Amino acid sequence: MKIILAENYLEMSRKAADILCAQITLKPSSVLGLATGSTPIGAYQELVSRYQENKVSFSRIRAVNLDEYQGLSPDDQQSYAYFMRRHLFDFVNILPENCHIPNPQAQDVKEECLRYDRLIDSLGGIDLQLLGLGRNGHIGFNEPGETFMKGTHCVALSQSTIEANRRFFSDKEEVPRQALTVGMAPIMQARQVLLLVSGKDKAPMVKEAFFGPVTPWVPASILQLHKDVILLGDQAALSEI
């Protein structure tokens, strides 16, 4: 594991964009596993700026998103499909047909999960997987539990995740209780993983996930077993390691 310390969130976002742009330059047809939430927004803003400056092109990039809230339409402003359009896809030259997100409205959820795993396999796997870190150690929406879930699956969100996400909704009751999420197999099979962490509230979990035992009760701890992980965080998030 490689640990990169950034002075603050802005520097972390710039360094993340550096790594993503390097991947795109080295392999213009890269498969990028993309994350949502507040942490990667700065990195996406940096990517948009660099695209506008003709420093990077997304014309051959394939994007595979980690997760989506169960039941929300792609046009719902709280959906992750909408999030990705708002923060990245609508502002770069990525082809719409190359933007992949689990379908949370599929009638057969189990089949949709299998379809998404087959899709990732058909693309040749993920070249670079971007991740954030939940306060309870989740990556994607892989919540703490008795086992690591291998494939894409529908998950009941933990109370701590619901509480963390309620700031994006006008009412707590509007926060979805379920989501579709890519499982651990595609994440661990990614050729490189870039995990972004920001803020003092993430510091205890960074220490537990990367310097404690590997356990499904701390889902991110499985990344200790990955051959090429970059942990990129600001001073506050890395203050306990």
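Here are legends for a handful of close-ups of this predicted model.

View 1. Seven strands make up an open sheet, and they pair in parallel, in the order 1-10-9-6-2-3-5. At the edges you'll find strand 1 (2-6) and strand 5 (99-100); each has a single partner strand, so one side of each goes without a neighbour in the sheet.

**View 2. Strand 2 meets strand 6.** Zoom in on residues 31-34 (strand 2) and residues 128-131 (strand 6), which pair in the parallel sense over two bridges. Which residue of strand 6 is the bridge partner of glycine 33? That's glutamine 129.

**View 3. Helix 1 over the sheet.** Helix 1, spanning residues 9-26, lies across strand 1, strand 2, strand 6, strand 9 (192-197) and strand 10. Its angle to strand 10 comes out at about 155 degrees.

View 4. Met1, Ile3, Phe211 and Ile241 together make a nonpolar surface patch of about 390 Å². Take isoleucine 241: this residue sits in the segment after strand 10 (229-234). Isoleucine 241 has a relative accessible area of 39%, so call it partly exposed, and patch members need over 30%.

**View 5. Asparagine 54 and its positive phi.** Have a look at the loop between helix 2 (41-52) and strand 3 (62-65), where asparagine 54 lies. Phi of asparagine 54 is near 60 degrees, a positive value in a residue that isn't glycine. Is asparagine 54 buried or exposed? With a relative accessible area of 71%, asparagine 54 is exposed.

How values were computed: Residues are numbered from 1 along each chain as its sequence is written. This is a predicted model: local features need pLDDT of at least 70, side-chain atom pairs count only at pLDDT 80 or more; totals for chains, interfaces and linings use all residues. Side-chain values use heavy atoms; hydrogens and water are left out. Patches are made of residues with over 30% relative accessible area and no salt bridge: like charges are joined within 9 Å, nonpolar side chains (Val, Leu, Ile, Met, Phe, Trp, Tyr) within 5 Å. Accessible areas come from the Shrake-Rupley method with a 1.4 Å probe; for residues, only the protein chains shown count as cover. A salt bridge is a side-chain nitrogen of Lys or Arg within 4 Å of a carboxyl oxygen of Asp or Glu. Helices (H or I, at least four residues) and strands (E, at least two) are DSSP runs, numbered from the N terminus. Buried means under 20% relative accessible area, exposed over 50%, partly exposed in between (1.4 Å probe, protein chains only). Two strands pair if DSSP finds at least two bridges between them. Contact means heavy atoms within 4.5 Å. Axes are lines fitted to C-alpha atoms, for helices over the stretch in contact, and angles run from 0 to 180 degrees between N-to-C directions.
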